[in-house]
Amino acid sequence: MNIIKKTIDLGEGRIIEIETGKLAKQANGSATVKYGNTILLATVCADKDAKEGVDFMPLTVEYKEHMASVGRIPGSFFKREAKPSDDEVLVSRLIDRALRPLFPEDYHANVVVQVTLYSGDLNELPDALACLAASAALAVSDIPFNGPISEARVAKIDGKLIINPSKSALESEGTTIDLIVAASATSIVMVEGEMSEVSEEEMVEAILFAQEAIQKQVAVLKELEAEAGTTKKREYQHEKHNEDLRKRYYDFAFARCKEIAAMQLADKHKRSELFGAVKDEFLATLTDEEKAENGFLLGIYWGLIQYDAVREVMLTERKRLDGRKFDEVRGIWTEVGYLPGPHGSALFTRGETQSLTTVTLGTKLDQQLIDGAIFNYEKNFLLHYNFPPFSTGEARTPRSTSRREIGHGNLAWRAIEKVLPKDTPYTIRVVSDILESNGSSSMATVCAGSLALMDAGVQIKKPVSGIAMGLVTNEKTGAYAVLSDILGDEDHLGDMDFKVCGTEQGITACQMDIKIKGLSRELLVEALNQAKAGRLHILKEMTKQLSTPRTDYKPHAPRVERMVIDKEFIGAVIGPGGKIIQEMQRETGTTIVLEEVNNQGIVEIFSPNKEGIDAVVARIKGITAQPEIGEIYEATVKSIMPYGAFVEFLPGKQGLLHISEVSHSRLENMDGIFKENEVVKVKLLGIDNKTGKFKLSRKVLLDKPQAN
């Protein structure tokens, strides 16, 4: 057994250990990454050849957390790990987006990367180590890969930048930046994270700080690859080119595609039709045999022609596909309160991208339970992003929530979560349905989400907007163009997709994917500054519709009243088996949440009407009220005896109204004086210190009869 171990020193005694040769040796490549008690196993396998007709990179990445890693049994009915949680999907996407651009463009074999958390530490986050493990597995395999790469978390805590901080440190109030950065030895590949309204300069500083740390990790991975003897990768030939056909296609279509790109058509369907007509005209010049024999290559060449033509028009003629300037944002129109049923709603349309977003206000009972290996808590702010096929004109049946939808929703969640009120008693759910899409739909979700929350009366600190930035470069000439508010085609044909969200004061979330080998500090700064200008422009357009949250919730939104009661009364309010609290909810149509916090009972009452809340408040006040000597109470007659009546003057508080205290007149018995359940006014005269019995009187509240 040839076991190879390498270490990475993060400083302050923090050591990452990489090992290969011990586990999962039948995989094409496998490696473990150890950091304290955290142990991740990464494996990678690839088919020997590509499937026929595949002209893309069929990469699948699966990240999985075993509950046993932290000594837990899954809480599901089946008591085993089920489908990936949202957190596992998000980590899978972090790995996928980092690895995918580094595979050779002409490599089309099916590749499966699996990263599994087998041992965990509740104070260390494994997501920052997952891509390092995957890259190590690729390094010791024979699978072609232009790596190695690695990822690291960079956080700014109390003004200091830290690589891979602990979970507890990251959750401190002093944290203003939390970023995951992926990079190779020479370039940044991916960035994703959240910030507390930081400046563009702070963002750049954090990204470059992470890149320096990653470069050291990449150097260790290269040493690992050399020691494993896997620097030479397998040979493959997934594309057999026909240079004569390529030349004929380019000669026929390239100039025409440039003309279409230079027309600056805002309508993507019209533009697509014109491109499609050129393709059809060329195919008409081929024989059926040529088309059948070269169908795979014709698809590749057509994509390259469009790619080269559009980019050349941008870089030489300085023209975008839809006619905008490079820093120009598409036309925006908005509407709030569009839907009467939800508690808040907004329509946000930018060019050919449209989001219809709703807000629902729920109770604490609606919170989502996050039941993961590392994270286990209740979440009271939910944001869901839906991308139905009709938004792009596709005749396709919608299926289950995609990884892309989860990822885009999480980005918008991060952007908006920073401005939510911290003490909200509600569970807030935001749902964005993309009705039209031509790029930047996740950013439309951020904008629509902010407007919908303000329409709902949620007192967010500031509105948030988002913009997607693009980049087109020519490595040979050095020419480049930074594009604001990119179209779908500009994303597909460009070199960068950089989404930046924030308020007027600073950035709250970002997501960046890079397809080129290098991104200089100067270019990064230019892109961020251009993004800031676009973001502020979008905010200005949004605030024309609604600039601050409405002062009150919608009439049909649930109202909430919060009460604090002594701990000793919690059981009395709940009642035996929950009888009392359930009865109150049933009779008043309210939802009551009662929990013990810091040795106090916190009661939250939710209702769509004030009458229901008032009734519950009165009932609870009655249950928790302490009898006060001299106070007058409305008492209910519970039972009648010859010597008096037992009355309940407070919930759970009964006393004897003695026959001598019923009337100024002398009564021989209680016949016909009261009926059971009759309400009478009584005054509490005293409390016996020894027995705790209450002395009640009715006659002191009655006028004395006049003496004859």
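# Exercises on loops, sheet and helix packing

Alanine 24 counts as partly exposed, at 34% relative accessibility (buried is under 20% relative accessible area, exposed over 50% and partly exposed in between, with a 1.4 Å probe and protein chains only). The model is predicted, so that local features need pLDDT of at least 70 and side-chain atom pairs count only at pLDDT 80 or more, while totals for chains, interfaces and linings use all residues. Residues are numbered from 1 along each chain as its sequence is written, and side-chain values use heavy atoms, with hydrogens and water left out.

## Exercise 1. Backbone in the loops

Solution. Step 5: with a relative accessible area of 74%, glutamate 12 is exposed.

Task: Identify which kind of peptide bond joins glycine 147 and proline 148.

Solution. Step 1: locate proline 148 in the loop between H2 and strand E7 (150–157). Step 2: read omega, which is about 0 degrees; the bond between glycine 147 and proline 148 is cis.

## Exercise 2. Strand E3 and its partners

Task: Describe how strand E3 (residues 29–35) is covered, and how E3 pairs with E2 and with E4.

Solution. Step 1: six of the seven residues of E3 are buried, and the strand is mostly covered. Step 2: E3 runs antiparallel to strand E2 (residues 14–20), with three bridges joining them (two strands pair if DSSP finds at least two bridges between them). Glutamate 19 has threonine 32 of E3 as its bridge partner. Step 3: seven bridges link E3 and strand E4 (residues 38–46), again in the antiparallel sense. Here serine 30 has threonine 43 of E4 as its bridge partner. Step 4: two residues lie between the strands in the hairpin of E3 and E4, where glycine 36 takes a positive phi near 65 degrees.

## Exercise 3. The open sheet

Task: Give the strand order of the open sheet, then name its edge strands.

Solution. Step 1: the six strands follow the order E1-E2-E3-E4-E6-E5, and the pairing is mixed. Step 2: strand E1 (4–11) and strand E5 (59–65) are the edge strands, each pairing on one side only. Step 3: from one strand to the next, the twist averages 15 degrees. Step 4: helix H2 (residues 127–139) packs on the sheet and touches E1, E2, E3, E4, E5 and strand E6 (111–119) (contact means heavy atoms within 4.5 Å). The direction of H2 makes about 45 degrees with that of E4. Step 5: helix H4 (residues 200–228) lies across E1 and E2, and runs at about 170 degrees to E1.

Task: Decide whether glutamate 200 is buried or exposed, and list its contacts.

Solution. Step 1: glutamate 200 is found in helix H4. Step 2: its relative accessible area is 6%, so glutamate 200 is buried. Step 3: leaving aside neighbours within four places in sequence, glutamate 200 is in contact with Ile507, Leu528, Asn529, Lys532 and Arg535.

## Exercise 4. Packing of H6 and H8

Task: Classify the packing of H6 and H8 by angle and handedness.

Solution. Step 1: the axes of helix H6 (residues 268–284) and helix H8 (residues 295–317) are 12 Å apart, at an angle of about 135 degrees (axes are lines fitted to C-alpha atoms, for helices over the stretch in contact, and angles run from 0 to 180 degrees between N-to-C directions). Step 2: H6 is therefore oblique to H8 (angles under 35 degrees count as roughly parallel, over 145 as roughly antiparallel, 65 to 115 as roughly perpendicular and the rest as oblique). Step 4: H6 contributes Phe275, Val278, Lys279, Phe282 and Leu283 to the contact, and H8 contributes Leu298, Trp302, Gln306 and Val310.

Technical notes. Helix = DSSP H or I, 4+ residues; strand = E, 2+ residues; numbered from the N terminus. Left-handed = near helix turned anticlockwise from the far one by under 90°.
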